[in-house]
Amino acid sequence: MQVIKTPAEMQMWSRSQGMTGLKIGLVPTMGFLHEGHLSLVRQARELCDAVVVSIFVNPIQFGEGEDFDQYPRDLSRDFALLEKEGADVAFAPEVRDMYPEKMSTFVEITSMDDKLCGRSRPGHFRGVATVVSKLFNICQPQMGFFGQKDAQQAIIIEKMVRDLNFPLEIVVGEIIREADGLAMSSRNVYLSPADRKNAVVLYQSLLKAKDLVADGVNRPAEIIKAITDLINQTPGAVIDYVEILSGRDLSEIEEIKGKVLLALAVKFGNTRLIDNLLLEV
Ligand code: AMP
């Protein structure tokens, strides 16, 4: 596996691969890799000729007072994991090389960036869409791999690709979970042992919602109330949001019907966890 550090070198590599007709798959990550990331790498391996995994903690998607500085980083461990998975390139640029001058150009998604995580993290999706656009231009993939774990991000990236005619296909991989159901996340290492145990309530909430829908409950408010009660009974859990929206475009829905997204964000101390369930009803 090759480690590439600069956008210029990465772009040169991608161009040479592209000329030989090889299909490049890109898995964008912020590193501190776990099985969730690696499942995307495996899918890319299966569907593409060459797999590029980017590792970049992107400052412009973090707000004031968020965890940019504390975000866990371990590049040598990440490289070893990627080597084992058979990735072709780990692209791990420095901030100064990704943003060598003050940015004047940003990609903004105007219809869905004020919902869910966008409401609690203003500017977050502008930062994500901008860096993902830069990564698409640098790595020139024919396929981009994203996780359902970040459901809103996946919907926004798919919309951006359609709106701006990026010449690639987006693949969304399922949520990979710990044995007790907690969705894997680099941020799980922040949790105290007690919070780690209690954090399983996010997954339990999704299962409860699934059961309620299976029992014929079709009013979003009723499901939200049941989940809110469950989370509020959990020590240390503070709800950021519990919402049920259209799984297509995050619009409000009156009834559980069609493609429906149930999305949760819950804080334990300073650690904000997200999880979701996409239902086809
Ligand atoms: P991150 O490093 O957290 O920015 O995540 C990089 C990519 O991995 C994103 O597309 C995430 O949605 C995806 N991802 C993160 N956690 C998981 C998980 N538990 N299961 C599946 N995909 C995930």
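A polar contact is a pair of N or O atoms within 3.5 Å; inside the protein, one atom must be able to donate a hydrogen and the other to accept it, and residues adjacent in sequence count only if both atoms are side-chain atoms. With that in hand, look at the ligand: one of its nitrogen atoms sits 2.9 Å from a polar backbone atom of Met-184. What you're looking at is a predicted model, where local features need pLDDT of at least 70, side-chain atom pairs count only at pLDDT 80 or more, and totals for chains, interfaces and linings use all residues. Residues are numbered from 1 along each chain as its sequence is written, and side-chain values use heavy atoms, with hydrogens and water left out.

**Around the ligand**

- On its own the ligand exposes 480 Å², and the protein buries 92% of that (accessible areas come from the Shrake-Rupley method with a 1.4 Å probe; for residues, only the protein chains shown count as cover).
- Met-30 uses a polar backbone atom, 2.9 Å from an oxygen atom of the ligand.
- Asp-150 brings in a polar side-chain atom, 2.7 Å from an oxygen atom of the ligand.
- There are 17 residues around the ligand, and Met-30, His-37, Gly-147, Asp-150 and Ile-176 come nearest (to be near, a residue needs a heavy atom within 4 Å).
- Sorted by class, this shell has eight nonpolar, six polar and three charged residues (Ala, Val, Leu, Ile, Met, Phe, Trp, Tyr, Cys and Pro are nonpolar, Asp, Glu, Lys and Arg charged, and the others, Gly among them, polar).
- β2 (24–29), α2 (35–47) and β5 (143–147) each give the shell at least two residues, and the largest share, three residues, is from α2 (helices are DSSP runs of H or I with at least four residues, strands are E runs with at least two, numbered from the N terminus).

**Two packed helices**

- Helix α1 (residues 7–19) packs against helix α6 (residues 124–139) at about 50 degrees, with the axes 7 Å apart (axes are lines fitted to C-alpha atoms, for helices over the stretch in contact, and angles run from 0 to 180 degrees between N-to-C directions).
- That makes α1 oblique to α6 (under 35 degrees is roughly parallel, over 145 roughly antiparallel, 65 to 115 roughly perpendicular, and the rest oblique).
- Pro-7, Met-10, Gln-11 and Ser-14 of α1 meet Asn-137, Ile-138 and Cys-139 of α6 (contact means heavy atoms within 4.5 Å).
- The residues of this contact split into four nonpolar, three polar and no charged.

- Most residues other than glycine have a negative phi.
- Phe-32 isn't a glycine, yet has a positive phi of about 55 degrees; look for Phe-32 in the loop between β2 and α2.
- Asn-165 isn't a glycine either, and has a positive phi of about 55 degrees; Asn-165 is in the loop between α7 (151–163) and β6 (169–173).
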